[in-house]
Amino acid sequence: VSGGLYEIIALAARYLFAALMVLIVIRAWKITIVDARRAAMLRRMSPETGVCGEFLILTGNGKVREGMRFPVIREGMIGSSGKADVRLRANGVHRTHAYFELTKKGLRLRDHASARIFNARGEAKREMLLGDGSKITVGSVEMMLILTVAVDAPAEAPREGLFDIPDDSPVLSERPHRPAYRPPETVSAPRPAPMHTVTRAPSTHAPASAPQSDIPITREAPAQDNIFAPRAPYARDTEAQFSWRETVVDETTSRRTVVRESSIDDLFMERTPAAPEKTDSIPGWDDPWSEPAKKPVVRKHTVDDPFDP
Amino acid sequence: MARAANVAKLKKALMRSNTRLLLSAVLLFQFVSALLLTFKGDTIDMQALLFTFAIPAVTWLVCTQITRLWPVDRAIIILALLLCSIGIISLKDIARSPITPGNQAKYALVALVGMFAGIFGIRMFKFWKKATPILMVICLGALISPSLIGVWKYGARNWIEIGGFSIQPSEFMKPVFIMILASGFANRPRFMKTLPTLAFAAMCCGILLFQRDLGALLLYFLTTVALFFVATSNGLLTLSGLGMGAAAAVIACKALPYVQRRVDMWRDPWSDPEVYGYQIVQSLIAIGSGGLFGMGLGLGSPRNIPLYHSDFIFAALTEEFGLIFSVGLLIIYVLLIMRGVIVAMNARTSFHSLTAMGVVTMIGLQTMLIVGGNTKLLPLTGVTLPLISSGGSSLVSTFFAIGILSGISSMNAEDEARDIELIEMSQEAMM
């Protein structure tokens, strides 16, 4: 190509290069902004992502009460300060008390400065490796680790009975907001039994061979009630999700009769008198998440229990 | 179901944006610019013709195949490859010998292998705490080697020659240095526990000062301070560190004549435009003569600038492609850093978070120092423009760091997908 022709082409091409650069910048900028928003939304909608287990408070003190549960991420800090990932506002807990980190062998815990952590036998340790069911004491708080991921460390407590409780699944549920924990002032939570002695609560489901009479289906409160009664700080807004109605269907008229309206708290709190019977036909069980225009499914002796498998 | 819809939203949130248009624009730029250079002379330039097809082909191949192996952030890879191709094309235009762009293309291929190694390595690197002392020894040994067997180049003794190849250990050790810092600062330790890592960083800086490699010294120091602040959120200690660095810079300026000269030339390069201020003066003339759209590819005279292929390549690019293109180039660096920060924020462990943060900090500081030096915003320091300047050590090291960043982004994506799967499973169990 002659010098003159090349010069003309090159002078024209510089506008193309500038336009291409502008296009690349705009497109890359848009992608980055959209991806940043998506990443923020992901973090906001699933704040528990990365949770590998939880600490269950066995003996509480101060604002840390028995039965409270604290999610455990893969690494973080236990302390009483606002920066702590597991914030224990109780006597004897330092602002920065201990660091934890999930390893293949288990949750490695090491203390900070003069803070001490104690194992299940009451021995002070500077560093510990916790498995599922390991118990530790931090300050005046005794707690047990419940791991939801597989590690090499052997489990120290029976898994059965821990995860069959109805309130365990929301750990990984989506919760858009994280309101501050407000412990119920009027309800005093009984002291829980040691976790290794906890047995599975009696079945709350109606037996398949329940009589087709007008005898209302009753639910027995679990023997070991109130272990999980105080709401865990991250189990939020679950009242609406975990209320249900027990109904009995009359075979002749195909009408449903509400025998009881219950909520999840009824399982663990003092049993209140049964709700008065209603004879209204129910369009659907009272689940706020369900779609409104759903045709009711007529079943015999159905208990619309969200935890009923 | 509303809850199920939220899972769908989460899944959508996990998806990254479509990069097809971005990749197409990058491929078009590479093809047109290399094709233009093919017909620059009286005869067809075979090397440029090879670049016309090879550069877009390699870019397309890497961008499409890498996501089949790992769920990496593809936009980071595309932007890095764009910057690398701009470097090769501009070197093809401005270099006096065809050996320089040829070597740069070979280094780029090696760097791509390094990037894959970086992704693979960070995904496999599980025992980083145990490996840290070994990495420290390797890093210190490599940094000290030019003092023993090195050669002087451009006023600094920071090169070693092995088998006919010149290697700059301070460039190669950048990703290793970042990983050592991330390992030492991980898990929010208290100040006393960071002291060994800070002492290691101080030793590295001392070695670089002894070799008069001021650019690398500044990078290592500022990266250490930035990572310390990110890891500990201790503003007082960070400001103290910066203050000590500033005091050391003032002392160095007074004590070392060549530092004093650089500062003088930064303040007034026109006082000696023929000798010491020649570089900056020629750089400013080149940037000014480029105008908004540049002189045109192959029509400028960037060879008047000393070190036009390495330290002053930004001025050469501005002269040929214009101000709009150069500002776009800087925005691309900013976007690369923004994406890296997103990766760091989403990382699941503080080690990976700090490593990603260290990589983008190092790239950002390096860009700021050399562009600031070219435009007389900062005193000139001898660092390369990441991914664009000529030089194998810098290119391989930067691509390795980009690989580490991409590897962390792929681990984030996998973790997020696993979490969403768990949410789905728990919801199904509740139904």
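These are my notebook entries on a few places I looked up in this structure.

**Ground rules.** I am working with a predicted model, in which local features need pLDDT of at least 70, side-chain atom pairs count only at pLDDT 80 or more, and totals for chains, interfaces and linings use all residues. Residues are numbered from 1 along each chain as its sequence is written, chains are lettered from A and ligands numbered from 1 in the order in which they are written, and side-chain values use heavy atoms, with hydrogens and water left out.

**Chain A as a whole.** I began with the secondary structure of chain A and found two helices and 13 strands. Here helices (H or I, at least four residues) and strands (E, at least two) are DSSP runs, numbered from the N terminus. Of the 309 residues in chain A, 46% are buried. Buried means under 20% relative accessible area, exposed over 50%, and partly exposed in between (1.4 Å probe, protein chains only).

**Thr19(B).** I looked up this residue in the loop between α1 (2–14) and α2 (20–38) of chain B. Is Thr19(B) buried or exposed? Thr19(B) counts as buried because its relative accessibility is 6%. Next I set aside its neighbours within four places in sequence, and found Thr19(B) in contact with Ile31(A), Arg74(B), Ala75(B) and Ile78(B). Contact means heavy atoms within 4.5 Å.

I then turned to backbone angles. Most residues other than glycine have a negative phi. Leu387(B) is not a glycine, yet has a positive phi of about 75°. I found Leu387(B) in the loop between α15 (350–374) and α16 (392–430) of chain B, and at 2% relative accessibility it counts as buried. Ser233(B), not a glycine either, has a positive phi of about 55°. My notes place Ser233(B) in the loop between α10 (214–232) and α11 (235–255) of chain B.

**Ile44(B).** Which residues make a nonpolar surface patch of about 290 Å²? I noted Phe39(B), Ile44(B) and Met46(B). Patches are made of residues with over 30% relative accessible area and no salt bridge, where like charges are joined within 9 Å and nonpolar side chains (Val, Leu, Ile, Met, Phe, Trp, Tyr) within 5 Å. A salt bridge is a side-chain nitrogen of Lys or Arg within 4 Å of a carboxyl oxygen of Asp or Glu. Accessible areas come from the Shrake-Rupley method with a 1.4 Å probe; for residues, only the protein chains shown count as cover. Ile44(B) sits in the loop between α2 and α3 (46–69) of chain B and is partly exposed, with a relative accessible area of 46%.
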